[in-house]
Protein chains: 2
Amino acid sequence: MTATPSSTTSSCTTSNATPSSAAPTLAGPDTPFAVVDVHRTRHDIARLRARADRLGVPLRPHVKTAKSLDAAALLHDGVPGPVTVSTLAETEVFAAAGYTDITYAVAIDPHKLPRVIALSRRGVTLRVLLDSTEQARCVAAAAREAGIAVPAQIEIDCDGHRGGLKPDAPELTGIGRVLDDAGCLDGVLTHAGESYFAHTDEERRLAARNERDSAVAAAGRLRAGGLPVRTVSVGSTPTAHAAEDLTGVTELRAGNYVFFDLVMAGLGVCTVDDLALSVVVTVIGHRPEYGWIITDGGWMAMSRDRGTAAQHRGYHVVDGSRSSAGVPVTEAFWPRVTGW
Amino acid sequence: MTATPSSTTSSCTTSNATPSSAAPTLAGPDTPFAVVDVHRTRHDIARLRARADRLGVPLRPHVKTAKSLDAAALLHDGVPGPVTVSTLAETEVFAAAGYTDITYAVAIDPHKLPRVIALSRRGVTLRVLLDSTEQARCVAAAAREAGIAVPAQIEIDCDGHRGGLKPDAPELTGIGRVLDDAGCLDGVLTHAGESYFAHTDEERRLAARNERDSAVAAAGRLRAGGLPVRTVSVGSTPTAHAAEDLTGVTELRAGNYVFFDLVMAGLGVCTVDDLALSVVVTVIGHRPEYGWIITDGGWMAMSRDRGTAAQHRGYHVVDGSRSSAGVPVTEAFWPRVTGW
């Protein structure tokens with residue numbers, strides 16, 4: 001995310017204040033506000049789509065990043081396509097907008113299965129994720145009770161980042177069987193979350209290979225056990241941009257790439273010029289003795305994502321180009337960010 | 001903030017799922033959701049009010065913390081009283097609800113003065129904050145143009161935490177004069193932001209004394225220059241709970257204390273049992289090999305506030321009492337928090 005401060009403390013141009021009712025512009029007074037650069041967004045989307053085409057694997061973008069139907073419309077040329085979501089609220093919004101091919105890529109809470117089944121009955125192919133025998137039994141029981149299949153994917157842990165079963169976990173095939181007996185086994189899914197700490201192309205290539213190998217190995221064990229595996233899903237923004245060979249993988253997931261952010265720029269997955277989301281703020285104070293500017297973009301406006309902290313880089317990028325008659329100035333924000 | 005996980009992966013009690021339309025309860029399935037303990041909130045509010053009464057200084061609570069008219073109604077026995085806000089959006093919501101005594105305690109962006117003046121014309125006494133001659137000139141010009149006074153406070157920097165002028169800043173009286181010439185000088189305001197790092201009662205007592213002395217000294221310089229100072233406003237949750245003598249101060253501000261949080265508990269300003277806001281989440285995974293639980297309360301639900309990082313304490317507190325038949329279990333969250 002970048003912050004674009006407009007200079008005001010050196011002038012009293014209140015006359016150019018647009019009423020809140022008017023169509024917003026970059027010069028609007030009601031800072032802070034977010035701005036999406038649609039040209040950059042289209043470029044970022046096209047870049048990964050071209051990669052996926054070359055790799056011969058369909059994309060299933062994660063829409064938790066944009067949380068926007070307008071942004072999602074850019075993913076598949078305005079036609080609702082396959083998406084990944086992280087909450088049922090997102091699922092219900094995208095389903096209402098005509099999306100019918102959705103993967104809910106957060107381990108399922110059995111209490112939420114009634115909402116999952118309600119969406120399935122509305123014609124949405126909604127896949128759930130799980131990594132325990134208990135969850136598998138709950139999904140199977142709910143599917144039998146409802147008289148419909150609830151397609152489920154087994155989460156595979158490829159790098160110890162979060163949840164999932166290791167590809168060689170003893171319980172893997174047992175979980176697959178519990179699901180298959182209820183017609184609910186769809187496949188496996190993994191996410192190379194540790195690739196957010198992969199600082200070189202080579203590290204990301206290795207992470208992509210490991211992500212692929214983990215998912216393919218788990219799928220192989222299920223198939224060796226006589227179980228059907230339709231979906232072998234992998235992806236993270238860093239690995240999706242580094243993968244060279246996705247043999248055995250049936251779909252690629254990524255979400256951050258739609259706008260990118262300073263974490264991805266810091267890793268080298270993109271450049272700062274690829275960042276498509278900015279927050280326009282107003283400079284409301286200077287502390288030259290500390291090298292600080294103070295803006296009206298507080299924690300609520302700029303988020304407290306400290307993803308770049310591990311990179312020992314600036315928290316936000318400040319583009320002062322609007323505040324000077326000269327050339328654009330881009331500098332790292334101060335390392336310690338204080339909020340209102 | 002505390003997280004209260006309900007156990008689900010060990011049972012398939014989907015039958016007790018309440019429909020989203022039903023009145024929510026702590027057993028509701030639609031986790032994550034926030035819960036405010038009104039009893040604790042009333043206790044926390046009464047505690048600071050009693051302190052302020054003993055100190056003989058009126059309270060002007062900061063409502064940016066709760067951002068809730070219902071919570072704010074507890075501050076002044078249901079009657080709209082003096083409040084502090086951090087955005088014009090908050091100002092407009094509270095003004096619409098009948099609050100007429102509001103301090104907008106973020107340095108003013110001149111572009112926002114039309115909205116400030118519109119609120120003043122609606123009968124709201126809305127004070128703005130500033131720390132530069134440029135801002136003072138803008139406020140004075142806007143007030144003259146509108147033909148009304150815009151009460152302004154000069155921000156004083158008592159501890160180098162954020163914005164403001166040092167109490168001995170040469171430009172202080174000049175700024176005061178620019179404001180007074182337009183009938184806009186209301187007083188001074190300071191905030192001991194560094195008290196969020198004051199780990200002992202003694203450090204907080206010293207921070208409170210310094211906060212008071214800084215504001216009173218600045219007010220004294222303005223008065224010595226023949227300028228009227230009505231308001232001498234100080235406050236932060238840690239200093240408000242430590243101040244012993246607020247002679248010369250006309251009002252005390254604090255916001256966090258309404259619910260408190262782990263930062264305040266970590267400092268010793270309150271105990272974990274005083275925390276009035278919790279997020280109810282569901283355990284959706286276990287990684288016993290790492291000592292992890294995984295819940296459906298991600299970054300969006302739990303916030304990414306790392307205020308406790310400086311305390312080398314847990315990020316969230318997990319109260320497992322609902323997940324066991326035994327005694328409540330309270331433990332620190334894992335230090336590295338991963339999100340969806």
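Guide: This is a predicted model, in which local features need pLDDT of at least 70, side-chain atom pairs count only at pLDDT 80 or more, and totals for chains, interfaces and linings use all residues. Residues are numbered from 1 along each chain as its sequence is written, chains are lettered from A and ligands numbered from 1 in the order in which they are written, and side-chain values use heavy atoms, with hydrogens and water left out.

Visitor: Which elements of chain B do the buried residues of H3(B) pack against?

Guide: Helices (H or I, at least four residues) and strands (E, at least two) are DSSP runs numbered from the N terminus, and buried means under 20% relative accessible area, exposed over 50%, partly exposed in between (1.4 Å probe, protein chains only). In helix H3 of chain B, residues 88–96, the buried residues are B:Leu88, B:Glu90, B:Thr91, B:Phe94 and B:Ala95. Down the axis of H3(B) they fall within an arc of 150°, taken from the directions from the helix axis to the C-beta atoms, so they line one face of the helix. With contact meaning heavy atoms within 4.5 Å, the buried residues of H3(B) pack against helix H2 (69–72), strand S3 (83–85), strand S4 (101–107), helix H4 (113–121) and strand S5 (125–130).

Visitor: Which residues does B:Leu88 touch, not counting residues up to four places away in sequence?

Guide: B:Leu88 lies in helix H3 of chain B and counts as buried because its relative accessibility is 3%. Its C-alpha atom is separated by 9.5 Å from that of B:Leu119, 31 residues apart along the chain. Beyond four places in sequence, B:Leu88 touches B:Tyr104, B:Lys112, B:Arg115, B:Val116, B:Leu119 and B:Leu126.

Visitor: Which residue just after H3(B) takes a positive phi?

Guide: At the start of H3(B), a side-chain oxygen of B:Thr87 reaches to within 3.4 Å of the backbone nitrogen of B:Ala89. Just after H3(B), a positive phi of about 100° is taken by B:Gly98.

Visitor: How do the residues of the contact of H5(A) with H6(A) divide into nonpolar, polar and charged?

Guide: The axes of helix H5 (residues 133–146) and helix H6 (residues 172–181) of chain A come within 8 Å and cross at roughly 5°. A:Thr133, A:Ala136, A:Arg137, A:Val139, A:Ala140 and A:Arg144 in H5(A) meet A:Ile175, A:Val178, A:Leu179 and A:Asp181 in H6(A). Counting Ala, Val, Leu, Ile, Met, Phe, Trp, Tyr, Cys and Pro as nonpolar, Asp, Glu, Lys and Arg as charged, and the others, Gly among them, as polar, the contact divides into 6 nonpolar, 1 polar and 3 charged.

Methods: Polar contact = N/O pair within 3.5 Å; in protein donor to acceptor, adjacent residues only side chain to side chain. Axes fitted to C-alpha atoms, helices over the stretch in contact; angles between N-to-C directions.
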